[in-house]
Amino acid sequence: MQRAIIMSGFLGSGKTSLILRLGKYFAENLGKKAVIIVNEIGEIGVDGDFLKKLGMNSYEITEGCICCTLRRDLESTISDVLSSINPDFVLIEPTGIAFPSVIRKTVRKVGMDALVIGVADAKRFVKLYSESREFLERQLREAEIIAVNKIDTVSSKAELNLLVELIKQISPNSEIVFTSAKTGEGFDSLVKLLELPLRIEGKIEEFLDSTAESGASWYSAKVLIKFKKPVAGVELKRLGVEMLDKIKVRARKIQHYKMLISADGALKFGVTGKDESVSVDGELAGWFVQSKLNVLLIDKELSTEQIRRIFEEELMKLAEDLGFNFEFIEHEHGADNE
Ligand SMILES: Nc1nc2c(ncn2[C@@H]2O[C@H](COP(=O)(O)OP(=O)(O)O)[C@@H](O)[C@H]2O)c(=O)[nH]1
Ligand SMILES: [Mg+2]
């Protein structure tokens with residue numbers, strides 16, 4: 001039976017980064033076909049386009065959550081993928097506020113086995129746990145494997161021990177592995193665990209609409225940027241970092257702010273907290289006269305309207321300073337959880 005791997009974990013914990021590594025590993029080291037299904041909460045996503053630009057076979061389900069409002073969409077996407085591509089593995093990335101037990105059930109319904117990897121952000125877990133306990137517990141409790149990711153950002157052994165104790169309390173039977181999607185540390189150990197026997201589905205927990213429960217609001221858009229003269233990939237990198245830095249200053253409670261600048265390749269920019277510097281993934285080499293900008297900004301304290309205003313104002317200022325024109329291709333229509 002083909003196996004689905006559900007990469008569960010809070011917003012910004014490193015699910016896409018780990019999935020990208022896994023997808024490449026299956027193709028390059030095992031010669032296996034993997035398809036990625038990625039779910040984004042906003043109308044316009046970032047991760048699906050990013051994975052596609054990096055050569056992965058990916059499908060995107062947007063505008064809601066596959067564990068609640070979009071369960072049917074997941075079912076039909078998996079069925080389509082199985083009949084048209086027949087992959088060896090289906091890698092599923094739910095939104096960072098989804099509950100994996102329902103997704104596991106949906107996957108089994110269409111005839112696949114499902115293994116859950118819970119991703120815990122080593123740097124932010126303890127803080128997030130105090131703010132969004134229910135989410136983090138539900139996301140990890142059912143996981144066969146818990147990847148304590150961003151291990152490159154934690155240098156204190158004591159801090160790490162406390163984190164492991166906390167995770168063991170939440171999910172005593174999960175295998176714990178330490179990973180860095182950035183450096184590749186721990187990836188081999190993660191891959192070895194993928195053959196673990198699967199858990200028989202536990203009791204289906206009380207249904208919750210995760211999107212409403214999260215209390216977060218988001219704004220997403222896709223913009224076409226036209227430069228007055230050709231710009232190099234490195235300048236686009238600078239542009240993305242500067243834009244997200246400016247937006248970040250005006251954020252309230254960042255859950256995950258991310259942007260994609262794409263042309264012949266793609267650069268993904270992200271921050272998961274106000275005190276973080278902008279991280280950049282991907283590649284964009286060459287010269288460009290235009291590029292696409294996808295943006296998805298999720299904040300726990302700002303409204304969609306407030307996030308939209310911040311984005312538009314900062315985009316306008318940068319366009320003036322750096323000399324480019326832009327037009328909106330798509331716009332979020334409303335996703336307020338206030
Ligand atoms: N330092 C570090 N950063 C990481 C690691 N994994 C992901 N990130 C960064 O964390 C942010 C969120 O990663 P992403 O894969 O988009 O998380 P997702 O929202 O769970 O899919 C991005 O800015 C990544 O560059 C890691 O292992 N180490
Ligand atoms: Mg992601």
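How do the residues of the shell around ligand 1 divide into nonpolar, polar and charged? That is where I'd start reading. A caveat before the points: this is a predicted model.

1. **Make-up of the ligand shell.** To take the opening question: the shell around ligand 1 holds two nonpolar residues, 14 polar ones and five charged ones. There are 21 residues around ligand 1 in total, and the ones that come nearest are Gly14, Lys15, Thr16, Ser17 and Gly270.

2. **Where the shell comes from.** Two elements, helix 1 (15-30) and strand 11 (279-283), each put at least two residues into the shell around ligand 1. Helix 1 has the largest share, with three residues. In terms of domains, ligand 1 gets at least three shell residues from each of domain 1 (3-212) and domain 2 (216-331), so keep both domains in view when you look at the site.

3. **The two domains.** Across the boundary, 17 residues of domain 1 are in contact with 23 residues of domain 2. On the domain 1 side, helix 2 (residues 47-53) gives the most, namely three residues. By class, that side of domain 1 has seven nonpolar, five polar and five charged residues.

4. **Helix 10 against helix 11.** Now a helix pair. The axes of helix 10 (residues 233-249) and helix 11 (residues 304-322) come within 10 Å, with a crossing angle of roughly 140 degrees. Angles over 145 degrees would count as roughly antiparallel, and helix 10 and helix 11 are therefore oblique to each other. Their crossing is right-handed. Helix 10 makes the contact through Leu239, Glu242, Met243, Lys246 and Ile247, while helix 11 uses Ile310, Phe311, Glu314, Leu318 and Leu322. By class, this contact has seven nonpolar residues, three charged ones and no polar ones.

5. **Helix 3 against helix 4.** What is the handedness of the crossing of helix 3 and helix 4? Right-handed. The axes of helix 3 (residues 71-84) and helix 4 (residues 100-109) come within 9 Å and cross at roughly 40 degrees. Roughly parallel would need an angle under 35 degrees, so helix 3 and helix 4 are oblique to each other. On helix 3 the contact residues are Arg71, Leu74, Glu75 and Ile78; on helix 4 they are Val102, Ile103, Thr106, Val107 and Lys109. The contact of helix 3 with helix 4 divides into five nonpolar residues, one polar and three charged.

6. **Classes side by side.** A recap for anyone skimming. The ligand 1 shell has 14 polar residues and two nonpolar ones. The contact of helix 10 with helix 11 has seven nonpolar residues and no polar ones. The side of domain 1 that touches domain 2 has seven nonpolar and five polar residues.

How values were computed. Residues are numbered from 1 along each chain as its sequence is written. Chains are lettered from A and ligands numbered from 1 in the order in which they are written. This is a predicted model: local features need pLDDT of at least 70, side-chain atom pairs count only at pLDDT 80 or more; totals for chains, interfaces and linings use all residues. Axes are lines fitted to C-alpha atoms, for helices over the stretch in contact, and angles run from 0 to 180 degrees between N-to-C directions. Helices (H or I, at least four residues) and strands (E, at least two) are DSSP runs, numbered from the N terminus. Angles under 35 degrees count as roughly parallel, over 145 as roughly antiparallel, 65 to 115 as roughly perpendicular and the rest as oblique. A crossing is left-handed if the near helix is turned anticlockwise from the far one by less than a right angle, and right-handed if clockwise. Two residues are in contact if their C-beta atoms, placed from the backbone, lie within 7 Å. Ala, Val, Leu, Ile, Met, Phe, Trp, Tyr, Cys and Pro count as nonpolar, Asp, Glu, Lys and Arg as charged, and the others, Gly among them, as polar. A residue is near a molecule or strand if its C-beta atom, placed from the backbone, lies within 6 Å of it. Domain bounds come from an automatic or database domain assignment.
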